Amino acid sequence: MVDYRGKKVVIIGLGLTGISCVDFFMARGITPWVMDTRVNPPQLDHQLMADVECHCGSLNREGLLEADLIVASPGIALSDPVLNEAIVAGVEVIGDIELFCRENQVPIVAITGSNGKSTVTMLLGEMAQAAGWQVGVGGNIGTPALTLLKQEYQLIVLELSSFQLETTYSLRACAATVLNVTEDHNDRYPLGMQQYQRAKLRIYENAQTCVVNADDTGTMPNFAMPQCAVSLQAMPRRAMSQQEKDEQKKNNCWVSFGIDVGDYHLSKQQGTIWLQVGRKKVLDTKEIKLNGRHNYTNALAALALADAAGIPRSSSLKALTTYQGLPHRFQLVFENRGIRWINDSKATNVGSTEAALDGLQLVGTLHLLLGGDGKSADFSGLTRFLQGDHIRIYCFGRDAQQLAQLRPEVSQRTDNLRQAMQLLAGQIVSGDTVLLSPACASLDQFRNFEQRGDEFSRLAKELG
């Protein structure tokens with residue numbers, strides 16, 4: 001644990017994470033200074049802010065340069081000119097996850113990836129609960145990490161974004177994974193995929209077990225590790241010396257998951273697809289509530305992490321048969337007259353939409369809704385999934401024109417989601433599937449992907 005007394009602390013960002021940081025310092029007798037680039041940040045009226053000075057509408061250069069410690073929101077790029085000037089001047093800049101890791105004494109499973117990390121995070125939490133464990137789940141999803149310090153747990157499961165990992169240095173997970181690395185956040189990573197990948201791979205540093213995707217070389221750690229058995233137990237965590245860290249890095253190990261290859265993989269036998277660990281079939285996928293082949297690989301990743309954390313295998317398999325997934329993640333929201341309406345609004349990048357389309361089981365025509373803010377992404381990777389006679393594409397929002405060019409002969413453009421759904425409603429017949437998997441962020445027309453998914457679900461029931 002670190003003693004912050006006597007330090008001038010500046011917190012950037014006043015959302016839920018920012019408030020958790022304010023609470024963290026106030027509980028230790030330190031009153032931080034808060035900044036937010038928004039004129040009216042969402043938590044400005046929070047009761048904790050009564051005694052805290054807040055600068056809104058910009059970053060205060062003088063305040064940052066005078067700080068001893070800056071705790072930056074993941075939404076603020078380290079390349080921001082004002083923040084970067086403070087970094088160059090020698091001011092320490094960290095995030096809330098680093099604060100958490102400095103205090104935490106509980107085993108951590110850490111999960112990142114371009115797609116699927118929320119599903120795997122929540123699924124792993126369900127596995128631990130099925131075993132009767134006290135488990136805390138948070139980070140980039142739901143509960144801010146610092147809030148988890150207020151209760152006692154046997155295991156903590158953290159979803160971590162690349163932005164959070166950029167400012168994290170003390171993470172020592174009992175198991176960590178990069179589920180996949182596909183193009184995303186080009187607006188934040190001007191140097192391209194390698195810069196984005198490097199941020200993701202930070203999750204493996206000092207991890208006891210690294211769980212890698214055998215189908216995605218971008219998830220491989222950038223330091224050599226031996227392969228290890230899949231039954232490792234989680235060990236209690238404590239602060240380690242540099243010598244211990246060096247020794248641990250030598251002893252780190254990895255296990256893999258994949259569709260056809262990997263320690264955890266899918267196998268087919270007489271038309272049945274199984275989850276398999278090594279040579280042993282452990283669960284018929286017909287018993288899994290999650291839909292789609294991409295969710296079967298999510299299940300494999302969660303199982304590998306659970307085994308590494310010491311969760312009993314029987315409890316993990318039980319959770320797989322009951323967990324129904326998260327809203328807005330390839331969620332069947334309505335079915336009527338033989339027509340399925342699937343909400344995959346969480347598909348905010350190309351890789352996520354590719355995962356939804358890959359292996360999609362269809363009877364009739366697929367009516368695919370694409371659109372929003374593509375964040376400067378290259379959409380060309382979608383083209384191979386958009387072939388054939390049984391697909392119709394409806395493009396809306398900021399990047400509708402660019403998306404429609406992927407296959408113009410089967411694409412139609414509208415201004416917004418509602419218009420697109422009204423257009424397709426007159427063309428669907430029994431056996432068809434309507435899929436919202438936009439490949440884009442939602443912020444051009446919605447508050448967030450949840451609002452976009454809710455709108456889709458409402459219109460599906462209205463039009464279907």
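Me: How many of the residues of helix α4 (residues 96-103) are buried?
Reply: Helix α4 is mostly covered, where a helix is a DSSP run of H or I with at least four residues, a strand a run of E with at least two, and both are numbered from the N terminus. Buried means under 20% relative accessible area, exposed over 50%, and partly exposed in between, with a 1.4 Å probe and protein chains only. Those buried in α4 include D96, L99 and E103, and the count is eight of its eight residues.

Me: What kind of model do these values come from?
Reply: Residues are numbered from 1 along each chain as its sequence is written, and side-chain values use heavy atoms, with hydrogens and water left out. Local features need pLDDT of at least 70 and side-chain atom pairs count only at pLDDT 80 or more, while totals for chains, interfaces and linings use all residues, since this is a predicted model.

Me: Why does F100 count as buried?
Reply: F100 has its place in helix α4, and K289 is 189 residues from F100 in sequence and 33 Å away in space, C-alpha to C-alpha. F100 counts as buried because its relative accessible area is 0%.

Me: Which residue of β4 is the bridge partner of I12?
Reply: Strand β1 (residues 9-12) points V9 and I11 one way and V10 and I12 the other, and all are buried. Two strands pair if DSSP finds at least two bridges between them; β1 pairs in the parallel sense with strand β2 (residues 33-36) over three bridges, with I11 opposite V34. β1 also pairs in the parallel sense with strand β4 (residues 69-72) over four bridges, and there the bridge partner of I12 is A72.

Me: What distance separates the centres of domain 1 and domain 3?
Reply: The domain assignment, whose bounds come from an automatic or database source, gives domain 1 (9-94), domain 2 (100-224 + 248-322) and domain 3 (331-463). Taken over C-alpha atoms, the centres of domain 1 and domain 3 are separated by 38 Å.

Me: Which residues lie closest to the centre of the second largest pocket?
Reply: A pocket is an open set of points on a 1 Å grid over the protein atoms alone, with protein on both sides within 12 Å along at least five of seven lines, unlike a cavity, where a 1.4 Å probe fits but cannot get out; lining residues have an atom within 4 Å of a point. The second largest pocket has a volume of about 470 Å³, which is the space filled by probe spheres set on points joined across faces, edges and corners. Of its 21 lining residues, the closest to the centre are G292, R293, Y296, G359 and Q361.

Me: Which elements give two or more residues to the lining of the second largest pocket?
Reply: This lining draws at least three residues from each of domain 2 and domain 3. The elements that give two or more residues are β12 (264-269), α9 (293-309) and β16 (339-343).

Me: What is the phi of F330?
Reply: F330 is found in the loop between α10 (313-320) and β15 (331-336), and F330 counts as buried because its relative accessibility is 8%. Although F330 is not a glycine, its phi is positive, at about 50°.
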